[in-house]
Number of protein chains: 2
Amino acid sequence: MQYSSKVIEEAVEQLASLPSIGRRSALRLVLSMLKRRPEEMERFAQAFLDLNSKIKYCKECHNISDEDTCSICNNPRRDKSLVCVVEDIRDVMAIENTRQFNGVYHVLGGIISPMEGIGPSDITIDSLVEKVNKGTVKEIILALSTTMEGDTTGFFIFRKLKEKTISISNIARGISVGDELEYADEVTLGRSILNRVPYDNSYGVAK
Amino acid sequence: MQYSSKVIEEAVEQLASLPSIGRRSALRLVLSMLKRRPEEMERFAQAFLDLNSKIKYCKECHNISDEDTCSICNNPRRDKSLVCVVEDIRDVMAIENTRQFNGVYHVLGGIISPMEGIGPSDITIDSLVEKVNKGTVKEIILALSTTMEGDTTGFFIFRKLKEKTISISNIARGISVGDELEYADEVTLGRSILNRVPYDNSYGVAK
């Protein structure tokens, strides 16, 4: 495409460098931005300057944070002996939204994926092992995606930790709440039968 | 959603303020950005600072430009007596890509849309009338979208200029090149029959 302005071209290129945004939609976004007030556009740019300079990672759980330790790890009412292992901040947010978890997290910052060249040393598995070695952790919950990469990562962590005196669990896989049985895929349905739970415990009520 | 970092939240809010980007995809984009090198993120933010401070509009045609006059209006080989009226820079780029037009443009910067509160005075129609009044323009081509708003805007301009001694044309509406007749909608097909052109001129060959 031929742009009449280098400034527009650069803004379009930058937006189009983000995943799933093409040049055509990037141009549409840039044009919509030009209708904004200067201080709004300033604020837009500032957000990404801040993203560059102010972002920190919690030294306990590796979640993105504004401080050295995140608000979850800092909270004295969270159970530090129960650690939920997740891929990234989005999973933390999703689990926090359920209000069902009172432990702390360990954010891997990725998932083992040979296809994308991500190996065990690229994510925070070593730091998880260290944390377990300190002896305060009693249970590890693996809350990873049900993909080949998620399963691989989970198995790798399980193998690293199975000798330790902690319990390691996987989040339950089964039929989603609200799903109709006939539309469930057979692997999920099969697993949900294999991993059936006693009826009086099946609605998540404490035993 | 609960973010563990205000910096992330602000970046997500800013991206999600763009049309057709929701908070969930905005978060995905922000996380992908965090994997970049600092200088790349700096460059991203800089592009939008520049967009704020460096953007200019050509004083002849109102197209977005880096200079006071755009490269098309500055080009001595472009025919200044032939003016193509378009909505925005995207239409200029689309027509330039055809390499079929050697005149200059007049960019309205929008289209009359009562639904969005855009009236004739919000776009550069007055400046177009002024340009015509100077007497150098011989023909105006209306190249607007075939929507109700486009037609309204075209009709408004036509009424403003019909007393002047210039010819005003509309771009041809008809069956797209490569389209099969049976799939064309009836309004388009009907118009293409009403506006039929002599066969020896129908492939755009000069008479």
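**Sheet, domains and chain contact**

Modeller: Bear in mind that this is a predicted model. To start, helix α5 (residues 89–98) of chain A lies across β3 and β4 of chain A. The angle between α5(A) and β3(A) is about 125°.

Biologist: Which strands are the edge strands of the open sheet in chain A?

Modeller: The sheet has four strands, and the pairing is parallel. Their order is β4-β3-β5-β6 (chain A). An edge strand pairs on one side only, which picks out β4 (103–107) and β6 (167–170) of chain A.

Biologist: By how much are neighbouring strands of this sheet turned against each other on average?

Modeller: Take the open sheet β4-β3-β5-β6 of chain A. Direction is ignored for this average. Neighbouring strands are turned by 25°.

Biologist: Which residue in β5(A) does A:V83 stand opposite?

Modeller: Strand β3 (residues 79–86) of chain A runs parallel to β5 (residues 139–142) of chain A. Four bridges join the two strands. The residue opposite A:V83 is A:I140.

Biologist: How far apart do the C-alpha centres of domain 1 and domain 2 of chain A lie?

Modeller: Domain 1 of chain A spans 6–53, and domain 2 spans 77–171. Between their C-alpha centres the distance is 35 Å.

Biologist: Now the two chains. Which element gives the largest share of the side of chain B that touches chain A?

Modeller: In total, 45 residues of chain B are in contact with 45 residues of chain A. On the chain B side, α1 (6–16), α2 (23–34), α3 (38–53), β2 (64–65) and α5 (89–98) each supply at least two residues. The largest share is 12 residues, and it comes from α3(B).

Biologist: How many residues on that side of chain B are nonpolar?

Modeller: Sort the side of chain B that touches chain A by class. Nine residues are polar and 10 are charged. The nonpolar count is 26.

Biologist: What is the hand of the crossing of α1(A) and α3(B)?

Modeller: Two packed helices are described by the angle between their axes and the distance between the axes. Helix α1 (residues 6–16) of chain A packs on α3(B) at about 145°, with the axes 9 Å apart. The crossing is left-handed.

Biologist: Which residues of α1(A) meet α3(B)?

Modeller: On the α3(B) side are B:R43, B:F44, B:A47, B:F48, B:D50 and B:L51. By class, the contact has six nonpolar, one polar and three charged residues. From α1(A) come A:V7, A:E10, A:A11 and A:Q14.

Notes:
Residues are numbered from 1 along each chain as its sequence is written. Chains are lettered from A and ligands numbered from 1 in the order in which they are written. This is a predicted model: local features need pLDDT of at least 70, side-chain atom pairs count only at pLDDT 80 or more; totals for chains, interfaces and linings use all residues. Two residues are in contact if their C-beta atoms, placed from the backbone, lie within 7 Å. Ala, Val, Leu, Ile, Met, Phe, Trp, Tyr, Cys and Pro count as nonpolar, Asp, Glu, Lys and Arg as charged, and the others, Gly among them, as polar. Axes are lines fitted to C-alpha atoms, for helices over the stretch in contact, and angles run from 0 to 180 degrees between N-to-C directions. A crossing is left-handed if the near helix is turned anticlockwise from the far one by less than a right angle, and right-handed if clockwise. Domain bounds come from an automatic or database domain assignment. Two strands pair if DSSP finds at least two bridges between them.
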